[in-house]
Amino acid sequence: RKLTALHINDNELTELPRRLGELEQLRTLWMHGNSVSCALGQRLPVPASLQYLDVSGNPIGDLEAVAHLPHLRELHANDCGLARLCSLQHMKQLVELHLADNALASVAAIGAPPSLAVLHVNDNRIVSIETGFPHGGLLKLTELNVAHNRLRSLPTRGMHRFCPLIESLDLSNNMLVDAAT
């Protein structure tokens, strides 16, 4: 029960063992490249102690499956077939969120977890990044990747006000007609 990291990626798993949730010391779980799915509203049976989770390439359906993890600092849910998001605003320790290669039209539903510094939502169907965030912006964000989406414009207040700490911004391969930031 002293296991702190577990790699079960690139197997043929369709579900996780319920006993996985009993590994109270587990901090890191790599499970990308499997076929684990969750019914709507169902949680993955993983311990609340997780700080890093990679569920990429699993058809989890929606982030409610992992939204119950209070200590999560980094979440990778790339290529999971996500079309909608639930609020992650209560995940106070979430620093990195990777949601590339999904079918997202908006990221507004996630709210803005207070510590979110890195957000990758490249290769989705996003048309706007401005609407729906608390206080009108992503105030602690230092890195934003929205490449390969359907953005037509940037926040009307300018990126420097929407993301005042932004250091890295990838807007490539969108439909922008005005690149003023």
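# Briefing on a predicted single-chain model

D123 is partly exposed, with a relative accessibility of 28%. The structure containing this residue is a predicted model. Its protein chain has one helix and eight strands, and 47% of its 181 residues count as buried.

**Overall architecture**

- Read from the N terminus, the order of elements in the protein chain is β-β-β-β-β-β-β-α-β.
- The radius of gyration of the protein chain is 17 Å, close to the 16 Å that the globule rule gives for 181 residues, so the chain is as compact as a globular protein of that length.
- The C-alpha trace of the protein chain spans about 55 × 25 × 25 Å along its principal axes.
- Among contacts between residues at least 6 apart in sequence, 36% join residues at least 24 apart.

**Nonpolar core**

- The largest nonpolar core comprises 52 residues.
- Within this core, the residues with the most contacts are L44, L53 and L63.
- Neighbours within four places in sequence aside, L63 is in contact with L75, A77, L82, L85, C86, L88 and L99.

**Aromatic pair**

- The model contains one aromatic pair.
- The partners are W30 and Y52, whose rings are 5.3 Å apart centre to centre, with 50 degrees between the planes, in a tilted arrangement.
- W30 belongs to strand 2 (residues 28-30) and Y52 to strand 3 (residues 52-54), so the pair ties together parts that are 22 residues apart in sequence.
- W30 is partly exposed at 23% relative accessibility, whereas Y52 is buried, with a relative accessible area of 18%.
- The two partners fall into separate classes because the limit for a buried residue is under 20% relative accessible area: Y52 has 18% and W30 has 23%.

**Histidine in strand 5**

- H98 is located in strand 5 (residues 96-98).
- With a relative accessibility of 9%, H98 is classed as buried.
- When neighbours within four places in sequence are set aside, H98 is in contact with E74, L75, H76, A77, N78, V118 and H120.
- Among these contacts of H98 are E74, L75 and H76; strand 4 covers residues 74-76.
- V118 and H120 are also among the contacts of H98, and strand 6 covers residues 118-120.
- L75 and A77 are contacts of H98, and both residues are also in contact with L63.

**Cysteines**

- The model has zero disulfides.
- For C38, the closest cysteine sulfur is that of C80, at 10.0 Å, which is too far for a bond; the cut-off for a disulfide is a sulfur pair within 2.5 Å.

**Loops with positive phi**

- Most residues other than glycine have a negative phi.
- D123, which is not a glycine, has a positive phi near 60 degrees.
- This residue, D123, sits in the loop between strand 6 (118-120) and strand 7 (143-145).
- H148 is also not a glycine and has a positive phi of about 60 degrees.
- The loop that holds H148 lies between strand 7 and helix 1.
- H148 counts as partly exposed, with a relative accessibility of 38%.

**An exposed glycine and the start of the helix**

- G81 lies in the loop between strand 4 (74-76) and strand 5.
- At 55% relative accessibility, G81 is exposed.
- G81 and N58 are 23 residues apart in sequence, and their C-alpha atoms are 8.0 Å apart in space.
- M159 is part of helix 1 (residues 159-162).
- In contrast to G81, which is exposed, M159 is buried at 1% relative accessibility.
- M159 and L169 are ten residues apart along the chain, with 9.2 Å between their C-alpha atoms.

Conventions: Residues are numbered from 1 along each chain as its sequence is written. This is a predicted model: local features need pLDDT of at least 70, side-chain atom pairs count only at pLDDT 80 or more; totals for chains, interfaces and linings use all residues. Side-chain values use heavy atoms; hydrogens and water are left out. Rings of Phe, Tyr and Trp (its six-membered ring) pair if their centres lie within 6.5 Å; planes under 30 degrees apart count as stacked, over 60 as edge-to-face and the rest as tilted. Helices (H or I, at least four residues) and strands (E, at least two) are DSSP runs, numbered from the N terminus. Buried means under 20% relative accessible area, exposed over 50%, partly exposed in between (1.4 Å probe, protein chains only). A nonpolar core is a set of buried Ala, Val, Leu, Ile, Met, Phe, Trp, Tyr and Cys residues joined through side-chain atoms within 4.5 Å. Contact means heavy atoms within 4.5 Å. The radius of gyration is taken over C-alpha atoms; the globule rule is 2.2 Å times the number of residues to the power 0.38.
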